[in-house]
Amino acid sequence: MQPKDAAEDIVIAGAGLAGLAAALGLHRKGVRSLVLESSPSLRASGFAFATWKNAFRALDALGVGDKIREQHLQVQALRVVASATGEIVREADFTQQGKRGALEIRCVRRDLLLQALEGELPKGTIRYSSKIVSIEEDGNIKILQLADGSVLRAKVLIGCDGINSVVAKWLGLAKPSYSGRSAARGLAHYPDGHGFEPKFLMFIGNGFRSGMLPCNRTEIYWFFTWTPSEHDKGADESAAKMKQFVLDKLRGSKVPQEALAVIDKSEMSDVLAAPLRFRPPLSLVTGSISKGNVCVAGDALHPMTPDLGQGGCSALEDGVVLARCLGEALAVKDAKGGSAEKERIEAGLRQYARIRRWRSVELIATAYTIGFIQQSDNAIVSFLRDKFLSGVLAGRLLKMADYDCGAL
């Protein structure tokens, strides 16, 4: 039983990637936090995600990078294929990319990463089945009303509560917009080994964007994004119908049989098809990422389309930067007491917001643009993309993935 009315110094809403990264980063800095998770256990929707070099820099800062490397294959190359023609429009060798060495990328199972972060936290850090329904103020203290009727008083509130964030709404951030596209995801299991090379294979154009990459020797993750139409109704009624819908779309293109077999063999996500939403990037230019002792991170800050593969990666960046800024603010001790601490906390969160604002704007805008161009079936866009722009787009993706969020 939780106390009816309790006080906490730092409350983090959401035990996703950003929330657990922030909590672990603070723990490494010697700062305790409480993480509120609305579900009864860790959630790992979407199966897996591409985890690039920037994410592993964040994971190394948190102390779990090597554990994740041991569980997942290093993807060695990217191959981009035009769906309409089967022509290879771009190839990149990740073992040679980047001035600072190989561009590390692995397809990481979300559940294993969340478990690794959780396992490094002190027992009792995460409080499950705890959803914030409203936020009130009592001076500088935030009064959090929870769905179970309990109340928490927080000195600092960090919103990592996803795309429908209660904390982002309290800050007045613009609601995420629908991109007009949807995504389906799956995971294929091969108990005896799949035999695929460790390559990221992606198909673009012809009205969709699809890709597949191995997580390890026995599992392959895949995704499929498209623009729904009235003819697609009923596709998301069951896993079987969604899988058949994706296969039908791909069979009408130059997608090899071995790629189709991966999808046919796969387990579908509990969320069969998710609308892709993003926060309008211009709204973050003037929007409040932090206000006083409240801030947001992860999807609560920068929901974006998946076309850069940077949603989860940037959430880990957020966690490290936030823990560093807030941890350093709290590490200072002086004789002025509470008023000085309040000022330091607010300054630390403002510093975090300055660091993450333009990174978030750039990621959202780039992901949306790349997705629009890669998925397009417009003849002119397709010609320009396949003949001239594919290298530019791939180069932009690789540049965005070679970002260093710094140490704790």
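**Figure 1. Strand S13 gives the most to the lining of the second largest cavity, with three residues.** Welcome to the first close-up of this predicted model. The cavity shown here has a volume of about 50 Å³. Look for Phe203, Ser210, Gly211, Met212, Trp222, Leu250, Val255, Ala259 and Ile263, which line the space. Strand S13 (208-214) and helix H7 (257-265) each supply at least two of the lining residues. Sorted by class, the lining has seven nonpolar and two polar residues, with no charged ones.

**Figure 2. The largest cavity holds about 60 Å³ of space.** The structure has two cavities of 30 Å³ or more. Around the largest one you can find Leu78, Val80, Arg90, Met202, Ile204, Gln374, Ser390, Leu393, Ala394 and Leu397. Three elements each bring at least two residues to this lining: strand S4 (77-82), strand S12 (199-205) and helix H11 (379-401). Helix H11 gives the most, with four residues. By class, the lining of the largest cavity divides into seven nonpolar residues, two polar and one charged.

**Figure 3. Trp226 and Phe245 form a tilted aromatic pair.** The structure holds six aromatic pairs. In the pair shown here, Trp226 and Phe245 are 5.0 Å apart from centre to centre, with 55° between the planes. The pair links distant parts of the chain: Trp226 belongs to strand S14 (residues 219-226) and Phe245 to helix H6 (residues 239-251), 19 residues apart. Trp226 has 5% relative accessibility, so this residue counts as buried. Phe245 counts as buried too, at 12% relative accessibility. Keep both residues in mind, as Phe208, Phe224, Trp226 and Phe245 form one aromatic cluster.

**Figure 4. Phe278 and Tyr368 make a tilted pair.** The ring centres of Phe278 and Tyr368 lie 4.9 Å apart and their planes meet at 45°, so the pair counts as tilted. This pair also links distant parts of the chain, with Phe278 in strand S16 (residues 274-278) and Tyr368 in helix H10 (residues 338-375), 90 residues apart. Tyr368, at 34% relative accessibility, counts as partly exposed.

**Figure 5. The charged end of Lys291 sits over the ring of Trp170.** The distance from that charged end to the ring centre of Trp170 is 5.2 Å.

**Figure 6. Arg359 lies over the face of Tyr403.** Here, Arg359 is 3.9 Å from the ring centre of Tyr403.

Notes
Residues numbered from 1 in each chain as written. Predicted model: local features only at pLDDT ≥ 70, side-chain atom pairs only at ≥ 80, totals over all residues. Heavy atoms only, no water. Phe/Tyr/Trp six-rings, centres within 6.5 Å; stacked < 30°, edge-to-face > 60°. Buried < 20%, exposed > 50% of the residue type's maximum accessible area, 1.4 Å probe, protein only. Lys NZ or Arg CZ within 6 Å of the ring centre and 35° of its normal. 1 Å grid on protein atoms, 1.4 Å probe; cavity = no way out; pocket = protein on both sides within 12 Å on 5 of 7 lines; lining within 4 Å. Points joined across faces, edges and corners; volume = space filled by probe spheres on them. Nonpolar A, V, L, I, M, F, W, Y, C, P; charged D, E, K, R; others polar.
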